[in-house]
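Hi everyone, thanks for making time this morning.

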Amino acid sequence: MYKSFLIKYAEIGVKGKNRYLFEEALVKQIKYALKKAEGEFAVRRTDGRIYVDALSDFDFEETVESLKKVFGISGICPVVYVEDEGFEKLGEDVVRYIGDVYPDRDKTFKVAARRARKNYPLDSMEINVELGGVILDAYPEMRVDVHKPDILLHVEVRDKIYLYSEIIPGPGGMPVGTGGKAMLLLSGGIDSPVAGWMIAKRGVKIDAVYFHAPPYTSERAKQKVVDLAKKVAAYAGPVWLHVVNFTDIQLYIYDKCPHDELTIIMRRYMMRIAEHIAKETECLGLITGESIGQVASQTMASLAATNEVCTMPVYRPLIGFDKMEIVEIAEKIDSYETSILPYEDCCTIFVAKHPVTKPNLNIIKRHEQNLQEGIDELVEKALETKEVIVVQA
Amino acid sequence: MEVYLDNSATTVCLAEAAQLMHRILCEDYGNPSSLHHKGVEAEAYLRYAEETFAKLLKVNEKDIYFTSGGTESDNIALIGAAMANHRSGRHVITTKIEHPAVLQTTAYLEDQGFEVTYLSVDRQGRISLDELSDAIRSDTILVSIMHTNNEIGSIQPIAEAGALIKKKNPKTLFHVDAVQGFGKVRLYPKKMQVDMLSVSAHKIHGPKGVGLLYLREGAKVSPVMYGGGQQRGLRSGTENLPGIAGFAKAAESAYENLEQDVERMYALREELTKAVKNIPDVVINGCPGREGAAHIVSASFGGVRSEVLLHALEERGIYVSAGSACAAHKPQPSATLKAIGVEKELLHSTIRFSLSARTTGEEIAYACQNLEEIVPKLRRYTRH
């Protein structure tokens, strides 16, 4: 029955003169999301609204699922267009609409008319009253409730007359591409894809960096990270994944620095490299999946020690989240099953039995001096040999 | 240089087998059950394959049933025997070191109310005939013992077990999973008093997705799949003819120079074992010398994680396995290694090298040389 959707967006409506930029980004993201769905669609902006019209046969569920992944959409309303062929015909159309959409009609309702085309013979109030009467005549089991109706039937008089009453919640947030770009440190665990998703939700385009350490981490671990990037890309659009070979740097630190500081120093180098790539690719910030106290390297002191190497802002959207809360989102965005595949990532391979939890920045810096001789060359080599994979959803 | 030492996981397909399969897929593609010429032509391939295996195993050709591989053969043997004989008893005996195709199936039988005894093994991975003898009861309907273990290459005394089982309870069926043994040892089920024998094609340079079950005529086994009644009703479904023909081709080829090939593999295995033993803090698992399989070396490298060693060898073009291939998806330590008493610290430090008749001395030398280089290097960097 439905061939069209009215797309509701919340926040972007209030962005003043920038509004058209936000709407354009939203249209672009909707088109991207629908590319994989079956059928052909037109996405149009009219009267400060966005509509998705199916031009061919399409799968309703799949289309709604695709739209639910577009940040910026607050609601998806399946809408029916009817031609304006007089009020009597409109009454018939409305009765048929309710008959089709609500098999169980033991419900309360309210008509909310809007007359955008002012030359329509009835005004909004009159449409409400008249159509209410028509519905009550057709379905005596229905009752009017103007305060909390079960069904709020929108009737909008435009070039055609638009009928809709269902609102499927969208993901909210802002259209990706309106908020610049950030570099996500993607590890293969549960947290980092969720962190990327959360920042993407605020309209930020996501690129990612993954540190792999062959032979200590396997090809399958890398594939897993590509798969996770894919989950993020389902919401955020194509993700450029930078794969950095970290083995030599890691072994060098292992040779030169105290073992219990290995993780912190290693993470400091990851942040340095990530920032370097981020600057090169015009990112405006870094994103990590850290949450205070989750592991030794995520205590306040450790975070301060790793944060110290960057001048770029580091966004940590999960900072106050418990593991269970993170898992909940991971399940929602379908990254959880992939995240728990048992491949080791490079953060855990050499982890000390008792890593420092309160690193002293001065001591860390002093121990980093031990690396002076060779580290720059190794970092340079890691950057030179990095591989870039464009991950599409 | 590429050195493939994971032949117990799978082998490269024999070119002649692949060519034959291509012809059957594209030209002689008939269904052996069809009445017309195309069907007759197809049936001829099937008959030929049955005859081939009947000859190699010295059994009757109508006792050969083609399946989708070792796992299916094991399933038909175990579930089929249990279902057909549950009125005579509900006791089954197997070992702790069987392949999951057997162990998961016996776990299913336990769920169905059968009682299963799991025989233990010694440090070298061999069962005790005394323990087997004690385990056999009047209600024991089935004993399933693997021929060659897939992880450590230990070989079980199948003929002795067969004699013992039939002596203690003539009604008990004896199944042998010979997926790793077939093609390395000449196996004669009748002589060993084996009622059912599982074989897989892709471990002997045949194609994947095909295997066989030998089932002695008169042994009571129910089908586990129902359909068009092919293969005397035991295994319905259109026969995988290209696979079956390729399988037969590969088996013929494996038997051509079997003794010489096995001799050579034993020599290469010896060389590899010696080199590995030269590396300090290494334990070789399984049976030494001729008591173990010619193609499997299992070694535990103290202080090295097997996955890391595997990937480090991979960087040099050497392909090995950490535990068995089926287990590489799960991080749990291998049941076989636990059963033979490998120390806890070594469970995740164990590598399996598996040879084939095609493995060359040069390849083994290359592998040995790289192992000697890599292992000490990896030991420098460990978790503390």
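Predicted model: local features only at pLDDT ≥ 70, side-chain atom pairs only at ≥ 80, totals over all residues.

Let's begin where the two chains touch. Here, twelve residues of chain A are in contact with ten residues of chain B. What sort of residues does chain A bring to chain B? On that side, nine are nonpolar, two are polar and one is charged.

Now please find helix H10 in chain A, residues 323-332. Its buried residues are Ile326(A), Ile329(A) and Ala330(A). Looking down the axis of H10(A), you would see these buried residues within an arc of 105 degrees, so they line one face of the helix. There is a simple bit of background here: an α-helix has 3.6 residues a turn, so residues three or four places apart point the same way. What do the buried residues of H10(A) pack against? Their partners are helix H5 (191-201) and helix H11 (336-339) of chain A.

Over to chain B. This chain splits into domain 1, made of 3-11 + 258-380, and domain 2, covering 15-256. Taken over C-alpha atoms, the centres of these two domains of chain B are 27 Å apart. Their contact takes 26 residues from domain 1 of chain B and 27 from domain 2 of chain B. On the domain 1 side, the elements giving two or more residues are helix H8 (258-278), strand E10 (296-301) and helix H10 (335-339) of chain B. Which of them gives the most? That is H10(B), with four residues. By class, this side of domain 1 has eleven nonpolar, 13 polar and two charged residues.

Last stop, the sheet. Seven strands of chain B form an open sheet with mixed pairing, in the order E2-E8-E7-E6-E5-E3-E4. Strand E2 (64-67) and strand E4 (115-119) of chain B are at the edges with a single partner strand each, so one side of each has no neighbour in the sheet. On average, neighbouring strands are turned by 20 degrees against each other, ignoring direction.

Key. Residues numbered from 1 in each chain as written. Chains lettered and ligands numbered in written order. Contact = placed C-beta atoms within 7 Å. Nonpolar A, V, L, I, M, F, W, Y, C, P; charged D, E, K, R; others polar. Buried ≥ 20, exposed ≤ 12 C-beta atoms within 10 Å, placed from the backbone. Arc of directions from axis to C-beta. Domains from an automatic or database assignment. Pairing = 2+ DSSP bridges. Axes fitted to C-alpha atoms, helices over the stretch in contact; angles between N-to-C directions.
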